[in-house]
Structure formats: structure tokens, C-alpha cells
Amino acid sequence: MKLYEYQAREILHKYNINVPKGEAAINVDEAAKIYNQLGTEKSVIKAQILAGGRGKGGGVKIVETLDEAKAFTAKLIGSHLITAQTGEKGTLVNKVLVAEAIDIKSELYLAISIDRSTSKITIISSTEGGTEIEEVSAKTPHKILKEQINPLLGVLNFQARQIAQNLNLTGSLATNGSSLIKNLFKIFIENDCSLLEINPLVLTPDDEVVVLDIKMDIDDNALFRHKDLLETKDLSDDSSAENMALEAGLSYIGLDGNIGCLVNGAGLAMATMDIIKLYGGSPANFLDVGGDAPVERVTTAFEIIFTDPHVAGVLVNIFGGIMKCDIVAEGIIHAIEKVDIKVPLVVRLEGTNVEIARKMLDDSKLNIIFADSMKDASEKIIKAVNKNK
């Protein structure tokens, strides 16, 4: 689960991290009230969407008067902000953050993420923070430094000092920086983060270290421990397909391909996508209907697949264990009748009640291509999709 910037700021504030004062607003009146309460010469208005590049996209502005604050808020709320990460349609802005503007002497970069290849947590730092960090990473990767942290031991003192040194922090700033790094790691662990990115982490002319912008992702598997965050989840920033999947209890992730996949079990779903790629196709989604999906859920799964206009064919790959094949067959028949599937449909069924399922599909007289194996299924769907091009 991705958090909005204002939500991440609230969490950091609870840990006594130095973040600028500010609050989120959902309309012009609220923004004006917050602006007046701040009482600063300059404030910053920031669109609250779950995408980066807001500054370059016109979603961030420093304002010096109440009229400016109100005008920019009115412009943002209800608009679709287009950034490098949103695509051409942009993302609807429902909230803005109104915060005090900070004088900046230098911008740094600090992030904590999980390195799955080493089963360790990685702290990434750079003296080149700000909006061009991706370019820095691509053109001057030596300026991006990484420190591997054992999750059982946490950040050791020498590691905190090393990271502070990587950021060119000296004297009292190095001490403050080391404490900040340890505190951020504590936040990362206690809040079950998969990513905590501070960009930029700034030094002020008064030599204060301030967290200016935050990106924070919480592991979905740990959300049962953070029900307060789950209750605030705003579905407007998710795709309609992902909303439908969430409500139906399905696991769905949209991809860039043209072959829709309906599979039971995450491992089998991953293997199905892999074999499609292996034989030259491109999966349009990851979709796991679960081990015991009823007919209605299978039907919903088909509806979700066809929210993607690029889907040119569907591969159903089911191993009937807990979920019996005849239930899937019934769902397929119901879905075809309801969704009016007009693209090639390849079905591979194995497991409990597979013969009953095959007979049901045969008797339905529906235009279904049967496959005997994953290899056979992938070859047939790719051939059928390419034939229709």
C-alpha cells in the first residue's frame, strides 16, 4: 500500500522526525485555513497523488499570499495531474498538502528498501538529491551509495556514521544525521515498510536537517497490523480493475501485454506468465482467483481481464485441488454468456473433476480451444492471438 505524502509525514512526525509543518486539504476553504494557521512568509502547495514527478508536472508551487494559495488549490483539486509516472491520462487530485516552505542550502537523498537478493535491508544515500535523482543514478551511479543492513541487528553505530559521511555530514550534523538514520530504520521496521524514500533530505542555511518529501510503501501482507491505514486507503488512485479485484477478493496486477491470464494459485500464475514469455507471447496481467473461488468470482475475474482493452486472447490455466475444475467450467460458461468474449480462449484444466469440467465445456458448444499442458496452452493462445492480428 502506497501512502500519500501527508500520511507519511504524520507517521514521521510521531517519531519526532523534523518535517515541515503542514496539513492536507480537500478544498479551497481548508487550504486557506491551513495557510493562515502556518503564518509563514512562504508556503508550498503540493498535489497529493501516488506518483512521482509532481514538481515537473506542475503539481507543486511555492505561494506567498493567501490569494495565490487559494488560486493554486482551486486549480489542482479536481484536475488530472500528468507526470512521468502517471501516463497520458494523469491522476485525479483530491487533496493538496499545504506546508511551510523551507529555505534549502543543499539537497540530499536517503532511502531504505529491501534487497531480496541478499535478504537484507539496504540504505541508499547520495549527495545528489532532488528531482534529477533518476538521472544521477543512470549517468553517475558512483554517486549512489548503498549500505547493507542485517535486519536482525539493525543499523550499527559504525554504519550510521558511514552513511552520514556518505552524505558529507560532519560535526554536529553527522551526529544528528546518524540519529536520523537509526530513527528512520526504526520507522521502516515498525511500520512494515517495503520502501521509505526521503527525496530530498535537505540542509537549511541554519544547518538543520529536514525531511522535505517522503515516499512510503507498506507491505500489503502486514496491513492487518495497520488497520488505521487500511481504513484511509483511497481507491481513487488505483485502477478500476484493481478496485474490482480488491472488492472480489482476487489478486490482480495489470501488465503491458495482450494475453489475459486467469489462474488459481500465485505460483501457477507466475509460471503461466513465464511460459507465455518463453514462447514469445506477452501476458496482460497477473490474476490469481484463489484456491476455492466460487462461480461468481470466476465470472468477475473475466470481467476484470476485459477492463483492459489490449487483451487479444485469454489463457485459463487451472489445477483443480481445493477448487474443483467443474466449478471453473461453470464460471467460464457463465462468464462467456455475461461478458460476451469475442477473443480466442484457451483452457487448460487438470485435477479434481476434470472430466466433468471438459464435458460441461464441450456440451456448451462455446468457442473454446482446449490444451493438454502448459506448453500446449501457451503455444495455442499465442498462435491464436497472432492469427487475429
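**A salt bridge, then the rest**

Mentor: The side chains of Glu-135 and Lys-139 form a salt bridge, 3.1 Å from N to O. A salt bridge here is a side-chain nitrogen of Lys or Arg within 4 Å of a carboxyl oxygen of Asp or Glu. This is a predicted model: local features need pLDDT of at least 70, side-chain atom pairs count only at pLDDT 80 or more, and totals for chains, interfaces and linings use all residues. Residues are numbered from 1 along each chain as its sequence is written, and side-chain values use heavy atoms, leaving out hydrogens and water.

Trainee: Where do Glu-135 and Lys-139 lie?

Mentor: Both are in helix H4 (residues 133–139), 4 residues apart, about one turn of the helix. Helices (H or I, at least four residues) and strands (E, at least two) are DSSP runs, numbered from the N terminus. An α-helix has 3.6 residues a turn, so residues three or four places apart point the same way.

Trainee: Is Lys-139 buried or exposed?

Mentor: Lys-139 is exposed, at 61% relative accessible area. Glu-135 has 40%, so Glu-135 counts as partly exposed. Buried means under 20% relative accessible area, exposed over 50%, partly exposed in between (1.4 Å probe, protein chains only).

Trainee: How many salt bridges does the structure hold?

Mentor: There are 13. One of them joins the side chains of Lys-46 and Glu-5, at 2.7 Å from N to O. That pair links distant parts of the chain: Lys-46 is in strand E3 (residues 43–47), Glu-5 is in helix H1 (residues 5–14), and they are 41 residues apart. Both Lys-46 and Glu-5 are buried.

Trainee: What else is in a network with Glu-5 and Lys-46?

Mentor: Arg-54 and Asp-213 are linked with them in a network of salt bridges. The side chains of Arg-54 and Glu-5 meet at 2.9 Å, N to O. Arg-54 lies in the loop between E3 and strand E4 (60–63), so its pairing with Glu-5 in helix H1 ties together parts 49 residues apart in sequence. Arg-54 and Glu-5 are both buried.

Trainee: New topic, helix packing. At what angle do H10 and H11 cross?

Mentor: Roughly 45 degrees, and the axes of H10 (residues 295–305) and H11 (residues 325–339) come within 8 Å. Axes are lines fitted to C-alpha atoms, for helices over the stretch in contact, and angles run from 0 to 180 degrees between N-to-C directions. H10 and H11 are therefore oblique to each other: angles under 35 degrees count as roughly parallel, over 145 as roughly antiparallel, 65 to 115 as roughly perpendicular and the rest as oblique.

Trainee: Which residues of H10 meet H11?

Mentor: Val-295, Val-298, Thr-299, Phe-302 and Glu-303. Their partners in H11 include Ile-327, Val-328 and Ala-335. Contact means heavy atoms within 4.5 Å.

Trainee: How much of H10 is buried?

Mentor: 8 of its 11 residues are buried, so H10 is largely enclosed by the rest of the structure. Among them are Thr-300, Ala-301 and Ile-304.

Trainee: And what about the whole chain?

Mentor: The protein chain has 389 residues, and 49% count as buried. Its secondary structure comes to 13 helices and 19 strands. The C-alpha atoms fill a box of roughly 80 × 50 × 40 Å, taken along the principal axes.
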